[in-house]
Amino acid sequence: TSCEGTRDTVMSGGVRTAGTIMTDSHARSNRLRLALAINLVIVAVQVYNFDPVLEDAARDCGATTWEVYRHVTIPLLWPGIFSAAIFAFLLSWGNFYITYSLAGSTRTIPTFIFSGIAVGSSPLYPAIATVVFIPGILLVILANRFRIRAAAA
């Protein structure tokens with residue numbers, strides 16, 4: 001008997017799963033849907049706490065729509081947007097098995113590193129890990145400093 005419908009086999013331009021072909025664009029849209037659903041909740045919490053009176057006050061002071069957006073709306077929503085972006089990155093990095101299964105022929109950083117480690121070791125892979133890890137640690141330290149400074153104020 002053939003096991004073609006029960007296991008994933010790489011086809012040209014996509015991954016065959018249970019009799020259907022998932023192309024790279026489908027895989028990207030599936031990852032986007034996963035991140036978008038969670039990130040919408042994060043940003044929605046920030047929007048829910050947003051006071052529209054602040055925008056009205058800026059307009060009363062003579063600000064244009066663009067100035068209100070740039071100087072009032074975005075700075076107040078920025079923590080939620082930034083948190084959602086960091087969370088999306090960590091979600092895609094942490095769910096390697098999903099990325100590896102859905103990537104098809106697309107090479108993301110995690111799949112690139114995994115394929116390099118699986119084939120053989122090279123100094124390139126620790127260098128990539130350092131380039132990804134160090135900025136992450138610096139962002140955590142920076143966020144902690146902002147949190148401490150905001151708590152003290």
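Author: What follows is a walk through this predicted model, from the overall layout to a few side chains.

Reader: Start with the layout, then: how many helices and strands does the chain have?

Author: The chain has six helices and three strands, and read from the N terminus the order of elements is β-β-β-α-α-α-α-α-α.

Reader: What about confidence, and which elements have the lowest and the highest mean pLDDT?

Author: For the chain the mean pLDDT is 74, with 71% of the residues at 70 or more. Among the elements, strand S1 (residues 9-11) has the lowest mean, 41, whereas H2 has the highest, 92. Over residues 1-22 the pLDDT stays under 50, and for that stretch the model has 24 contacts beyond four places in sequence.

Reader: And what share of the residues is buried?

Author: Of the 153 residues in the chain, 21% are buried. The chain exposes about 11100 Å², and 69% of that area is supplied by carbon and sulfur atoms. As for contacts between residues at least 6 apart in sequence, 48% of them join residues at least 24 apart.

Reader: Changing topic: where does Asn-39 lie, and is that residue buried or exposed?

Author: Asn-39 lies in helix H1, which covers residues 24-48. With a relative accessible area of 12%, Asn-39 falls under the 20% cut-off, and it therefore counts as buried.

Reader: Which backbone oxygen does the Asn-39 side chain reach?

Author: The side chain of Asn-39 reaches the backbone oxygen of Ala-84, at 3.4 Å. If neighbours within four places in sequence are left aside, the residues in contact with Asn-39 are Ala-84, Phe-87 and Ala-88.

Reader: OK, charges next. How many salt bridges does a search of the whole structure find?

Author: The search finds one salt bridge, in which the side chains of Arg-59 and Asp-56 meet with an N to O distance of 3.3 Å.

Reader: How are Arg-59 and Asp-56 placed in helix H2?

Author: Arg-59 and Asp-56 are three residues apart in helix H2 (residues 52-60), so about one helical turn separates them. Arg-59 is partly exposed, with a relative accessible area of 40%, and Asp-56 is also partly exposed, at 41%.

Reader: Now the rings: how many aromatic pairs are there?

Author: The count comes to two aromatic pairs. One of them is formed by Trp-66 and Tyr-69, a tilted pair with 6.0 Å from centre to centre and 40° between the planes. Because Trp-66 and Tyr-69 are three residues apart in helix H3 (residues 65-94), they are separated by about one helical turn.

Reader: What is the accessibility of Trp-78, and that of Phe-82?

Author: Trp-78 is partly exposed, with a relative accessible area of 46%, and Phe-82 counts as partly exposed at 36% relative accessibility.

Methods
Residues are numbered from 1 along each chain as its sequence is written. This is a predicted model: local features need pLDDT of at least 70, side-chain atom pairs count only at pLDDT 80 or more; totals for chains, interfaces and linings use all residues. Side-chain values use heavy atoms; hydrogens and water are left out. Helices (H or I, at least four residues) and strands (E, at least two) are DSSP runs, numbered from the N terminus. Buried means under 20% relative accessible area, exposed over 50%, partly exposed in between (1.4 Å probe, protein chains only). A polar contact is a pair of N or O atoms within 3.5 Å; within protein, one must be able to donate a hydrogen and the other to accept it, and residues adjacent in sequence count only if both atoms are side-chain atoms. Contact means heavy atoms within 4.5 Å. Rings of Phe, Tyr and Trp (its six-membered ring) pair if their centres lie within 6.5 Å; planes under 30 degrees apart count as stacked, over 60 as edge-to-face and the rest as tilted. A salt bridge is a side-chain nitrogen of Lys or Arg within 4 Å of a carboxyl oxygen of Asp or Glu. Accessible areas come from the Shrake-Rupley method with a 1.4 Å probe; for residues, only the protein chains shown count as cover. pLDDT is the predictor's confidence in each residue, from 0 to 100.
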